[in-house]
Amino acid sequence: MALSALDRARHMAQQVLIFARLHNDKVVTVDVVEAVMSRDADTEQGKASPTTVRRIIRKRAEIEGVRVILTREERYWAIREQLHHMTPDQVATLADSIADGGDDDPRGWDKELVDAIGAHQGNRPTPARLYGCTPVPIRLWKDPAPAADEETPAVDPYPALYASLSAADMTSAVYDVTASRDGKNRHCPPQPGKRLALAVAIKHGDGARVEGTAELFTVDWRGVKNGPGDVVHTFRRRAAVPSVDVEAAREASGLALGDLVQVSGHKVETDKGWDYVPAWYGHLRDVWVSDGQIVARVDGPEGEPGVPLFSDLRPVRWHMRTVNGGTPERIPTLKALREINHAMSGGVREMSESAGTARIDYGDVRGEVWLRPATSAEIATEQKPERERYAEGDRVIVRGTFYRHETRSTYVLDEYEGTVTQWVAGHFNVRAVEPDEDRVTYGVRPCAVSELRPVPPTVDDVVDGPHDMYVSGELLHTGLPAARIRLFVKNLRFMRTPFCQDAEGAIVVENRRYVPQRPAGNPEPAPAPREWSEKDVRRARGFAARWRAETVCAEPPVRREPTDEALAECFALTVRPLDAELYPLVRQELAGWDARIVAEDARRPESIPAARYATAAARARLIAEIALDRWAPDTTTCILRRIADHLTEAADHFDAYTPLGDVITLQFEACAALWEADHLAEQFPHTRFAQDFTSYVLAPLSERPLPYPAPLRPASPAMARTESVLAHTIYVLNTDTARQAEQPEAWLREVMEAWRKWVQLSDLVRVDNARPCNRNARP
């Protein structure tokens with residue numbers, strides 16, 4: 001179906017505004033409009049009328065935050081603003097350069113530029129509109145093309161190679177060639193000695209003078225073939241390429257064959273010139289030496305392997321991608337950044353991005369997508385392919401979604417428990433455990449992997465007895481009571497966090513395992529620790545510092561385990577190598593060093609769990625105070641007092657809780673109180689609290705994202721402008737992490753005030769859009 005003329009103009013205007021924001025410092029000029037329309041001339045929107053496109057751009061300029069300069073008068077005053085911020089000497093220099101340029105200078109034919117310079121340098125009073133103005137950051141006139149330097153003609157250096165050099169001296173060497181003439185140097189391509197020896201044999205006796213040795217010599221031409229100027233060629237023999245240890249380089253980088261690596265973008269030279277190869281990621285297959293450099297074979301994006309330099313490889317970073325609030329999926333960071341870039345240039349309905357975290361509202365069947373950097377625990381968790389995550393007969397929780405085309409919105413359905421039946425065409429068929437309303441049939445629904453999560457164990461499934469806590473395979477705590485584990489399982493089920501119970505009865509969540517203790521036999525007594533002398537400790541400490549200097553503190557850092565072989569290789573070149581008996585002491589010093597660094601990091605305020613609970617409690621009490629201070633009728637005041645009571649109750653639970661180590665646990669009672677406050681705010685909109693406003697309380701304790709306003713789509717332009725200002729204010733406050741740490745109380749009050757205005761505006765928009773005159777005017 002072909003687009004109408006107005007739709008084509010709207011699409012074209014959107015492309016122009018995107019180009020201006022990304023590539024022209026938010027300035028729309030005539031050249032930008034013509035360039036974008038020429039680029040899209042073969043598309044449907046490229047057939048739009050330029051006049052209509054400019055009219056729509058002017059209408060949306062204030063909302064999009066761009067500066068429009070399309071007429072001669074607008075360009076004249078924009079140039080005046082730039083000249084107003086220049087010094088008199090700079091303006092005089094610009095005028096003199098235009099006068100010296102003559103007819104070839106395009107600035108001399110620019111009427112607006114010439115008039116603006118004349119008015120600026122005249123005796124007229126400065127207009128009031130220039131005081132306090134902000135000039136555009138781009139240059140509004142075209143500078144003359146720079147004069148092209150005469151290129152030094154290419155000189156054939158090979159006939160000058162004779163005299164003291166013989167062909168035997170040059171067959172196994174490579175020479176760098178530099179030609180100098182009239183004080184200008186020109187670098188020629190490096191040439192092998194075999195080719196130069198052949199040139200000597202053919203062009204012997206051309207009358208040039210050769211001085212130097214086989215390592216470094218010069219050839220002085222006396223104008224025999226190249227005119228009156230003298231040409232001097234300098235030949236420098238390249239040093240032999242040292243042998244490269246591929247295995248050592250690979251071990252130093254920490255990469256292994258089969259690892260998923262990221263290849264940085266780079267330029268390559270082709271027959272048609274230089275071409276840019278974008279970054280990609282793939283599995284490392286092989287490493288070898290070519291022309292003295294270490295290269296690698298990496299699976300390409302289209303199945304064809306690439307051969308980049310080994311120094312261009314980096315370990316893959318990861319992001320978590322959540323679709324419509326479902327189960328997060330781990331994807332490479334490169335793929336996440338490409339989705340963000342495509343969304344920014346693809347005209348999506350809503351887009352917000354900050355510090356690698358993005359929220360994309362596509363406005364179609366793709367729904368809402370959250371992208372955020374993966375934590376260390378999520379990176380350590382093994383992620384299987386989609387079709388291997390569930391087997392036939394597995395019990396899962398289904399969190400389905402439904403897209404309605406009329407409202408262009410995605411709705412989340414009620415959760416239910418089901419059984420996986422089979423994998424078909426990229427999705428799982430899940431049969432409901434509970435029957436339908438007729439109590440006879442059991443519905444089967446195709447579900448994407450993001451809509452499923454394993455059925456978590458219940459409180460009754462926890463094994464009676466003390467438990468041991470393992471983090472990434474290391475024992476962190478022992479003897480945790482079963483009641484503590486049951487409370488932890490209860491909170492996890494309340495937060496809908498994915499976790500499971502393995503065959504040993506251990507509760508597994510991300511990289512943590514709570515393993516029940518089993519009775520065991522009499523263990524063998526541990527060997528007595530060896531007594532180290534003070535001299536051995538000092539000597540081992542010095543070698544530990546040397547190891548850190550060559551690994552962790554190196555540039556770039558090298559990840560390497562201090563095994564006996566690695567320590568022996570590192571200390572082999574010392575005057576007095578360390579005895580192998582002291583290697584355990586070196587590893588002990590390194591472990592103590594790492595422990596001190598971890599302890600210093602743990603003493604920071606943002607790393608102390610108790611401080612995070614105190615921050616959550618302070619936020620809950622501050623929002624309760626805001627609720628009590630709001631003026632409202634008597635009926636609404638009662639609801640505000642109930643909300644404040646629930647928030648105060650949650651704050652009391654946060655203050656009374658004592659964290660266990662560095663594990664952050666959300667108490668069920670506190671979360672229930674916050675849920676009641678959210679439910680009251682949603683049930684009574686006159687309280688002017690946004691839905692899910694308690695996310696600001698839980699933000700210090702979890703990675704739960706802060707709420708963002710949904711589009712209101714008002715029919716009134718004034719309300720649309722107010723909506724844009726409020727949405728921008730909430731986005732800036734949510735991403736201002738520095739102010740959250742420095743001025744938490746003032747920041748939270750501003751956030752709640754912005755949300756109060758937003759909820760009030762939503763009521764006004766709902767009433768205004770319901771008017772008969774605005775029913776057909778909604779966007």
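In which helix is L590 found?

Reply: L590 is found in helix α15, residues 583-602. The model is predicted, so local features need pLDDT of at least 70 and side-chain atom pairs count only at pLDDT 80 or more, while totals for chains, interfaces and linings use all residues. Residues are numbered from 1 along each chain as its sequence is written, and side-chain values use heavy atoms, with hydrogens and water left out. Helices (H or I, at least four residues) and strands (E, at least two) are DSSP runs, numbered from the N terminus.

L590 has a relative accessible area of 7% and is therefore buried; buried means under 20% relative accessible area, exposed over 50% and partly exposed in between, with a 1.4 Å probe and protein chains only. Not counting residues up to four places away in sequence, L590 touches A544, W547, R548 and P562, where contact means heavy atoms within 4.5 Å. From C-alpha to C-alpha, L590 and A540 are 9.6 Å apart in space, and 50 residues separate them in sequence.

D40 can be described in the same terms. D40 sits in the loop between α2 (30-39) and α3 (50-64). Its relative accessibility is 10%, so D40 counts as buried. With neighbours within four places in sequence left aside, the contacts of D40 are M12, Q15, Q45 and G46.

Two loop residues concern the backbone. Most residues other than glycine have a negative phi. K26, which is not a glycine, has a positive phi of about 60°. K26 belongs to the loop between α1 (5-23) and β1 (27-29), and with 44% relative accessibility it counts as partly exposed. R713, likewise a residue other than glycine, has a positive phi near 55°. The loop that holds R713 runs between α19 (695-698) and α20 (717-735); R713 has 27% relative accessibility and counts as partly exposed.

The axes of α20 and helix α22 (residues 744-769) come within 10 Å and cross at roughly 155°. Axes here are lines fitted to C-alpha atoms, for helices over the stretch in contact, and angles run from 0 to 180 degrees between N-to-C directions. The angle makes α20 roughly antiparallel to α22; angles over 145 degrees count as roughly antiparallel, under 35 as roughly parallel, 65 to 115 as roughly perpendicular and the rest as oblique. The crossing of α20 and α22 is left-handed, that is, the near helix is turned anticlockwise from the far one by less than a right angle, whereas clockwise would be right-handed. On the α20 side the contact is made by M719, T722, E723, L726, A727, T729, I730 and L733, and on the α22 side by W747, E750, V751, A754, W755, K757, W758, L761, L764, V765 and D768. By class, this contact of α20 with α22 has 13 nonpolar, two polar and four charged residues; Ala, Val, Leu, Ile, Met, Phe, Trp, Tyr, Cys and Pro count as nonpolar, Asp, Glu, Lys and Arg as charged, and the others, Gly among them, as polar.

Helix α17 (residues 634-656) and helix α18 (residues 668-683) have axes that come within 8 Å and cross at roughly 160°. α17 is therefore roughly antiparallel to α18, and the crossing of α17 and α18 is left-handed. Residues in the contact include I639, I643, L647 and F654 of α17 and A670, L674, A677 and L680 of α18. By class, the contact of α17 with α18 has eleven nonpolar, two polar and four charged residues.

The strands remain. Five of them form an open sheet in the order β27-β26-β30-β29-β28, with antiparallel pairing; two strands pair if DSSP finds at least two bridges between them. β27 (474-480) and β28 (500-501) stand at the edges with a single partner strand each, so one side of each is left without a neighbour in the sheet. Strand β26 (residues 467-471) and strand β30 (residues 512-516) run antiparallel and are joined by five bridges, and V515 in β30 is the bridge partner of D468. Helix α12 (residues 482-495) packs on the sheet, touching β26, β27, β29 (507-509) and β30, and its direction makes about 45° with that of β29.

Elsewhere, strand β14 (residues 318-323) pairs with strand β15 (residues 329-332) in the antiparallel sense over four bridges, and M320 stands opposite R330 in β15. β14 is also joined to strand β18 (residues 368-373) by five bridges, and these two run antiparallel. The bridge partner of T322 in β18 is W370.
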